[in-house]
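This note sets out points on the structure shown below, for a reader new to such models. Please keep the structure in view while reading.

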Amino acid sequence: MFRRFLTGFIFLIALSAEGYVIQMDRNSQGRIVTIQWPSGSARQGIPFVVNSSSFPFPENDVLRIVRKAFGDWDAVASSYLKFEDRGTGQFRPSNTDRQNVVFYDNSGRLIGAPPGTGVIAITRVNWDNRGEMTDADIIFNGRDFQFSIVENTTPRGRVDLQDVMTHEVGHLLGLDHTPLVGHPTVRPTMNPFNTAEMPREGRTLEQDDISGITALYPSAEARQLGSISGRVIHRSGSGAFGVNVVVYEAGSDRFLASAFSGSAGSGQRGRGGEGGYEIDGLPPGDYHVAIEPLDGSIRPQNFGGIFSRRFDRDFELEYFDNASLKQAAQIVRVDAGRVANKIDFVLGTAIIGAPFIQSPELPVNTPDPTGPYPVRARISDDKGVTSAELVYRINGGRLQTLPMGREGAFYAVQIPGQAVGSVVSYRIVAKDADGNETSMPAQDVPMLEFEVLRLSGSPLAYVAMRRSQVLSVIDTGPGREVARIPTGQTPLSVVMTPDERYLFVANTGTGGNADNRVTVVETATHRVVTTIQVGSAPLDMTVSRDGRWVFVTNSQSRSVSILDVAGLRENTVRIRVPTIGDGPYGVAVGPNGKRLYVTDIDGNQVFAFDVNTRMRIGEITDVVSSPRSLALSKDGKRLYVAGFDGDISVVDTESLSVIQTIDTGPSGVFRLALSPDDRRLYGTDQLNANLLVIDLESHRVTQTVPVLRSGRNTRDLFVSEDGTQIYVTNQDSNELVVFDTESLQVRRTFRFGDGPRGIVVKSRPFVTQVSAEHVTRSDFDGNGRVDFSDFVLFASRFGASMSDAAFEVRFDLDGDNRINFGDFLIFAGVFGQSVSGS
């Protein structure tokens, strides 16, 4: 008896996934089998033949793409799998001819799905009762989709043929879809969705793909790799089915591979059985292991066989062993040829019978020495929590304890302010009525910590990191990252109020799992002040020049949200924008805050609104194709519109008409920014990774500057307040590049691993916050006032360190054992003040 396993590749605007899943199903006897090619066939070479005449492309191009896709899987050194290229032929897909045909279906009849269902291609796999494959055909849906065979670019509206071909070969080999969300540059080829966001990224295999094929067809070289195995169970002890177990590279946010619970072990016969899993093909090294709920857009229907049923979803992210934070998790060591086993999880995080600590809200590195620094967490226990406390130390000193009190659903405490340069280490400890104790992190794991930052006084760059879901803070003086502030899902853009007090971060989310929140951060403390609910998939933002309003485009709900900066905890006011397709993207507001401009990227137009009446007052329909973002002159008379398909429109805002089109050549203009004097316009060309410099007198591109030779997907830019520097992010090559505006030479390059996107720069030096205690300590002569006589005393000791005879601890105001610029900032902040009570 032969059975069929059907897998399809789905089109989605921007989604991704990760975590290899091997095709498994029940045979005619009800026994679960792994579906793969017999070992002999895989070693000798699995044959394939191409019906090139069915494709609407030249035969040489079709064969190039097909052979490249098969060749990439064949080249995996840790797999013994081989292919046999039988060239071309007039074969049609069949479950009995054992030809393994690659076919282009213009009619859609062989696809077996109605028009509009989004299926790009399918692989029909036939197998016997032992799970051994006998025939597999790859069929492209030429009825519903247009494909591209171009090597280095993909026209808008087309699907890259090689992306899809590489994905479908994985199905032909026995791999199912993968379950986790990830960025296109790191997602494996076996994710269930094709993305229009970054075509051609699916052509290459990632570690997850390699681990999957290694697990099915391990070569001798696979002995140099290791594995992780364990179980996922419910608190009742029963096995959990379809829980995604993910392996991360220790010390980073890079995920490598994952597997579903219930896919390994002796309990495969039941619904999840014993909840076993095994992840093979891992290079030796240190890892973090986690269980993660499936992304909201992933459904059982995206999988086949036993995984097409309902998954366990009712649990929170958890790291091994019983940790809700990666930095509090235990490291799992994988050795060559060995299995790290018993890496087990109980759904619900809690150790049964002990307090359960979850949803922590923790301090990050902060420039604020005043404090306090709040710590909050949810703590629960079946028999009641009898105590919760925070144990901490400063700079490795003695342990101190603070009781945590109830604050609604949370337990909360505030750590007192600390001197600049201090490192605060801490953990939360909770006890229940039976004396059971839980610590976060566990006692055998290093404490959590944050630093009270000593900043250089140079500009601070705030960069949205889309892959790690943080706002990175970079002190551009020493050129180092000094803090990471958590955001929501896929932060893409960031703006700053004119007084440089607040940052707003748009959390866009990914594809069908769009976010709907804007994170607000206070620059003086790095605290998240609030999170504001807006429309679906907030994208671009702009701030009114008086700093009162922030405007947010909601790219998937056809609206713009207006946020009141003065009342950050209030609900937003909504404008309904009647766009089509992908909805509003770019946004700009007039100098008096009365007129708003919004791009409709699919409708190829720009809307103008009266902010006071919330009414649309006009539209500009003859702008460049795919208008992406906007820039507005200081006087509000000229609006510049970036064309995602190239060129820039110049709009007269009085007549709402295009008066000029700036030719940018073959390009994809993403972001625009004006020089402070409005004489230059800068743009990023995301397609060619260039910085465009436009002279606004001649309306010509005067210079095209590569954003590094290795730059990829150049996206956002920011012009410094004084106009001397341009900051540009390369999303896919992970760089922030700083240019000198005069010479257009690269001044600095900062490298990341997290997909840098939106950027703003705080140009004004940070002013150290001071307290009443600082006033008292700075009154060196004891006359009740910090005045010039105190300055003379302070200056006489300036520059001394602890080893110098001139050093006196009373002048070391920030406690770093030096009398330096940090102390001067504190002293300057209290100069002229009187001591309280004097």
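1. At 6% relative accessibility, Thr 490 counts as buried, since buried means under 20% relative accessible area, exposed over 50%, and partly exposed in between (1.4 Å probe, protein chains only). Thr 490 belongs to the loop between β34 (480–486) and β35 (491–496). Its phi is near 50 degrees, a positive value in a residue other than glycine. Most residues other than glycine have a negative phi, and most peptide bonds are trans.

2. On the basis of the note: this is a predicted model, in which local features need pLDDT of at least 70 and side-chain atom pairs count only at pLDDT 80 or more, while totals for chains, interfaces and linings use all residues. Residues are numbered from 1 along each chain as its sequence is written, and side-chain values use heavy atoms, with hydrogens and water left out.

3. The protein holds seven helices and 59 strands; helices (H or I, at least four residues) and strands (E, at least two) are DSSP runs, numbered from the N terminus. Of the 838 residues, 58% are buried.

4. The loop between β54 (700–706) and β55 contains Leu 708. With a relative accessible area of 18%, Leu 708 is buried.

5. Two cis peptide bonds deserve attention. One joins Gly 371 and Pro 372, with omega about -5 degrees, and Pro 372 is in the loop between β23 (356–361) and β24 (373–380). Another joins Met 440 and Pro 441, with omega about -5 degrees; Pro 441 is in the loop between β30 (437–440) and β31 (448–451).

6. Which residues touch the most other members of the largest nonpolar core? In this core of 45 residues, they are Phe 83, Phe 140, Phe 147, Met 165 and Leu 173. A nonpolar core is a set of buried Ala, Val, Leu, Ile, Met, Phe, Trp, Tyr and Cys residues joined through side-chain atoms within 4.5 Å. Elements that each supply at least two residues of this core include α2 (59–74), β9 (133–141) and α3 (161–173). The most comes from α2, with seven residues. Another core, of 31 residues, lies apart from it, and Ala 323, Ala 377, Ala 388 and Met 404 are among its members.

7. Helix α3 has 13 residues and reaches 19 Å from its first C-alpha to its last, close to the 18 Å expected at 1.5 Å a residue; the expected span is 1.5 Å times one less than the number of residues. In α3, 13 of 13 residues are buried. Just after α3, Gly 174 takes a positive phi of about 115 degrees.

8. Is Ala 42 buried or exposed? Ala 42 counts as buried because its relative accessibility is 0%. This residue is in helix α1 (residues 39–44). Ala 42 and Leu 81 are 39 residues apart in sequence, yet 5.0 Å apart in space, C-alpha to C-alpha. Leaving aside neighbours within four places in sequence, Ala 42 is in contact (heavy atoms within 4.5 Å) with Tyr 80, Leu 81, Lys 82 and Tyr 217.

9. Strand β47 (residues 627–632) contains Arg 628, which counts as buried at 3% relative accessibility. All six of the six residues of β47 are buried. Strands β47 and β48 (residues 638–643) pair in the antiparallel sense over four bridges; two strands pair if DSSP finds at least two bridges between them. The partner of Leu 630 in β48 is Val 641. Five residues lie between the strands of this hairpin, where Gly 636 takes a positive phi near 75 degrees.

10. Four strands form an open antiparallel sheet in the order β55-β56-β57-β58. Because β55 (714–719) and β58 (746–751) stand at the edges, each with a single partner strand, one side of each is left without a neighbour in the sheet. Inside this sheet, six bridges join β56 (residues 725–730) to β57 (residues 735–740), and Ile 726 has Phe 739 as its bridge partner in β57.
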